[in-house]
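Biologist: Can you walk me through this model? Keep it quick.

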Amino acid sequence: MSDKKNVFTEMNGSFTGNDQFQKEGADYYNPDAFRELVKARRSVRKFTTEQIPDVIVDDCLEMALLAPNSSNLQTWEFYRIKTDSIKKDIVHACFSQPAAATAAELIVCVAQPTHWRAHCKQMLEYFKTMPVETPKSALVYYSKLAPFVYTVGFLNSLTPFKWLFNTVVGMFKVVPREPISSIGLALWSIKSCALASENLMLAFRSHGYDTCPMEGYDSCKVKDAMGLSRSAKVVMIVGAGKRADGGLYGPRVRFPREQFLKTL
Ligand SMILES: Cc1cc2nc3c(=O)[nH]c(=O)nc-3n(C[C@H](O)[C@H](O)[C@H](O)COP(=O)(O)O)c2cc1C
């Protein structure tokens, strides 16, 4: 892959019919509203018994699905737990922590790393229905490059070869280094699912409800309760509801920004 001409430089949007989408979102401007929303989101550990209307839960889930995600392959799933027996098992798997036990809603955010292959095919099918001409580079991306990058082989059988390829070719060219194993593929998928989870929490807050993201759970028991496959990764469980008195355990704590914000 040359540095100058590759699938990323070729996919420049200058294809027939694309003009009508160029302004999508471009006029939106509301930093104050965004700052307020981000600041208003806190992890709340105790909720009242008030239920969240379906239409609001649905809207929040919709906002989760609009998150950016790698290669737009959408290897995520969001499970709204409505069945009492499953909810009981999940609360138990969450060590019965109050953020789960008192939540009006439990949403399990799941990464499905292995779904990339089916979604590549789905994307190629989707292109056929789009009102704009699909650039050749996009077809090449989903039919050739993505399968090349995301295939790790049965039981990671391709890992040594991918590592060798990346190491040798990487001495001379820019190469996509990850993922080369199923763990890398899981990380790849989890990143995007985590972004969507944040969208979900901000959406609940925008409707006046609070959330608590949780990873304090026994993932095997959560997966058993939900009937999820071994390859599925529980990224986090989001409890949501109306904030109860004492639901916030303390003021927001963040270390000094200089510790984390760097300029190079
Ligand atoms: C991935 C992740 C997992 C978390 N797991 C838990 C959890 O199991 N239980 C809990 O009470 N809070 C959990 N939290 C909430 C954090 O403790 C909280 O975000 C942090 O203390 C900062 O507070 P804030 O969210 O109010 O800004 C989790 C947060 C994240 C992002």
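Modeller: We'll take the fold, then the sheet, the core, the ligand and some backbone details. This is a predicted model, so local features need pLDDT of at least 70 and side-chain atom pairs count only at pLDDT 80 or more, while totals for chains, interfaces and linings use all residues. Residues are numbered from 1 along each chain as its sequence is written.

Biologist: How many helices and strands in the protein chain?

Modeller: Ten helices and four strands. Both are DSSP runs numbered from the N terminus: helices are H or I with at least four residues, strands are E with at least two. Along the sequence the pattern is α-α-α-β-α-α-β-α-α-α-α-β-α-β.

Biologist: What box do the C-alpha atoms fill?

Modeller: Roughly 60 × 45 × 45 Å, taken along the principal axes.

Biologist: And which share of the residues counts as buried?

Modeller: 28% of the 264 residues in the protein chain. Buried means 20 or more other C-beta atoms within 10 Å of the residue's own; exposed means 12 or fewer; partly exposed is in between; C-beta atoms are placed from the backbone.

Biologist: On to the sheet. What is the strand order?

Modeller: S1-S2-S4-S3, an open sheet with antiparallel pairing. Two strands pair if DSSP finds at least two bridges between them. S1 and S3 stand at the edges with a single partner strand each, so one side of each has no neighbour in the sheet. On average, neighbouring strands are turned by 20° against each other, direction ignored.

Biologist: Why is S2 largely enclosed?

Modeller: Because seven of its seven residues, 105-111, are buried. Glu105, Ile107, Cys109 and Ala111 point one way, and Leu106, Val108 and Val110 the other.

Biologist: What is Cys109 in contact with?

Modeller: Beyond its neighbours within four places in sequence, Cys109 contacts Phe78, Cys193, Ala196, Ser197, Val235, Met236 and Val238. Contact means C-beta atoms, placed from the backbone, within 7 Å.

Biologist: How many residues does the largest nonpolar core have?

Modeller: It has 55 residues. Cys109 is among those with the most contacts inside it, as are Ile90, Val108 and Leu200. Helix H9, residues 182-206, gives the largest share of this core, ten residues. Such a core is a set of buried Ala, Val, Leu, Ile, Met, Phe, Trp, Tyr and Cys residues joined through C-beta atoms within 7 Å.

Biologist: New topic. Which residues are around the ligand?

Modeller: Arg42, Ser43, Arg45, Gln97, Ala99, Cys212, Pro213, Met214, Glu215, Gly216, Met236 and Arg252. The cut-off is a C-beta atom, placed from the backbone, within 6 Å of the molecule. Strand S3, residues 210-214, gives the largest share of that shell, three residues.

Biologist: How does the shell divide into nonpolar, polar and charged?

Modeller: Five nonpolar, three polar and four charged. Here Ala, Val, Leu, Ile, Met, Phe, Trp, Tyr, Cys and Pro count as nonpolar, Asp, Glu, Lys and Arg as charged, and the others, Gly among them, as polar.

Biologist: Now the backbone. Where is the phi of Gln74?

Modeller: Near 50°, a positive value in a residue other than glycine. Gln74 is in the loop between helix H3 (54-65) and S1. It counts as buried because it has 20 C-beta neighbours inside 10 Å.

Biologist: What about Phe95, buried or exposed?

Modeller: Exposed, because Phe95 has 12 C-beta neighbours inside 10 Å. Its phi is also positive, about 60°. Phe95 lies in the loop between helix H4 (84-93) and helix H5 (98-101).

Biologist: Which peptide bond is cis at Pro179?

Modeller: The one from Glu178 to Pro179, with omega near 0°. Pro179 sits in the loop between helix H8 (159-169) and H9. Most peptide bonds are trans.

Key
Two residues are in contact if their C-beta atoms, placed from the backbone, lie within 7 Å. Axes are lines fitted to C-alpha atoms, for helices over the stretch in contact, and angles run from 0 to 180 degrees between N-to-C directions.
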